[in-house]
Amino acid sequence: MIINAANPYQNLSLANPAKSAQIPRATLVEKTQDAQEERPENSNATFKNTFASEFGFRVDEGGFFEEDLNKISKLPHSYAIHISTARALAKELARQNENFRPDKIDLPQLLNEHHNALKALNPTFKSEDNAPLSRSELAELNWGFSTQEGDFAGRIARIYADRDQLQAAQSDLAGLNAHFLDNKITSFQLDKTLNNTAANAILKPYLTKNAELSKSGVLANFAYWNLKEQNDKALNFFMKPVNLDVSAHQNLYKILKGELKPEDFIKESNEQKMSFDLYLYVNGVDKKTTPEDKLSVFFQQYVNYQKDMDLREFTHSSSIYKLYSDAVAEDFARMRGEFEAQRGTAQTLERINLERERGREDFLGDRQRQARLNQILSSYLSVMS
């Protein structure tokens, strides 16, 4: 999402002298009212001035990026991304790196990878139109996914088909984290398109007069809130000294796929010292209902309390431990059943992942060709100067 060199798109207009006078985009309302509407042809268009931006792409008078961004990002021709979205994304990236500058953002890659995920799981985004979506159409989309590897770009292994499935998986996170496990979930952030939309400034440029949201608006909303959610989780994680990397996610999926027995995992977690999850249980703390700020206090107490100890006698003879292990096994059995229902068929997952990989390869192939073209143009200009 961030590039190390100066933005390679900064002087993109030099490659096309005609960009000094741009063809205007239709307004968002005009485009979303007719899903099949084509952009105006050169012969019939009125030329308007466009403006340079800090992101290396020009914008029209309405603040929407010109078509070069769509082309390089491999987005549909009709999509319209507003500069306010890019600025919001840049602000979130700046939270990760205090030395971040807007010209460092790799906006095409960020948009491309989010659009690839959207269209791989939701066929409506495979079409070239920028049609507005009603509330019922938004609610019927798939709501998110988890990958096998635990990172955003990995192979999709699980699909959350609706709001209930997504929320159920999210509600399990605090309990999993107490086991030092994690389920890294990518949400399409559709709740933000359905609830309290007036307070979501990201959506405003993409809403029609009928308060319907264009497909490019769904994309912008997904990209921004996905990035913001990652930042917020890193900042607010209740177990501050613990960094749950992808191995915490992968260990969970070994359990869900039957590669690691829950009883073996519980035993290993409590062999030499008491696990945080067992510490909560022994102290009568319900991790499913306890707020994260209170869990944070309990974790600090646990860190101060924990010490190397031999728990073999406790685990073999204590009735408390038996009740605990049975309850944990029951939880894992439930989560495994949900996983089996949400993973879909092998053929479906293979198709989705293949489509996503092809989209990624097409984008990278175009980028390499553009890099070679930029090198040729730079050499030509240096000779002519």
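Helix α4 (residues 107-121) and helix α16 (residues 346-384) have axes that come within 9 Å and cross at roughly 155°. The axes here are lines fitted to C-alpha atoms, for helices over the stretch in contact, with angles running from 0 to 180 degrees between N-to-C directions. The two helices, α4 and α16, are therefore roughly antiparallel to each other, a label for angles over 145 degrees, while angles under 35 count as roughly parallel, 65 to 115 as roughly perpendicular and the rest as oblique. Their crossing, α4 with α16, is right-handed; in such a crossing the near helix is turned clockwise from the far one by less than a right angle, and anticlockwise in a left-handed one. The element numbers count from the N terminus along DSSP runs, with helices being H or I of at least four residues and strands E of at least two.

Before going on, please note that this is a predicted model, in which local features need pLDDT of at least 70 and side-chain atom pairs count only at pLDDT 80 or more, whereas totals for chains, interfaces and linings use all residues. Residues are numbered from 1 along each chain as its sequence is written, and side-chain values use heavy atoms, leaving out hydrogens and water.

Now turn to α3 and helix α9 (residues 215-236), whose axes come within 10 Å and cross at roughly 20°. That makes α3 roughly parallel to α9. In this pair, α3 passes α9 in a left-handed crossing.

Next, the backbone. Most residues other than glycine have a negative phi. K74, although not a glycine, has a positive phi of about 60°. You will find K74 in the loop between α2 (67-73) and α3 (83-96). With a relative accessible area of 34%, K74 is partly exposed, that is, between buried (under 20%) and exposed (over 50%), using a 1.4 Å probe and protein chains only. N196 is also not a glycine and has a positive phi of about 50°. The loop between α8 (191-194) and β5 (213-214) holds N196, which is exposed at a relative accessible area of 60%.

Finally, which residues make the nonpolar surface patch of about 350 Å²? They are Y281, V282, I320 and L323. Nonpolar side chains are joined within 5 Å in a patch, whose residues have over 30% relative accessible area and no salt bridge (a side-chain nitrogen of Lys or Arg within 4 Å of a carboxyl oxygen of Asp or Glu). Helices α12 (276-282) and α15 (319-342) each supply at least two residues of this patch. L323 is found in helix α15 and counts as exposed, at 53% relative accessibility.

Note on methods. Patch = residues over 30% accessible without salt bridge, like charges linked within 9 Å, V, L, I, M, F, W, Y side chains within 5 Å. Areas by Shrake-Rupley, 256 points an atom, 1.4 Å probe, with all protein chains shown as cover.
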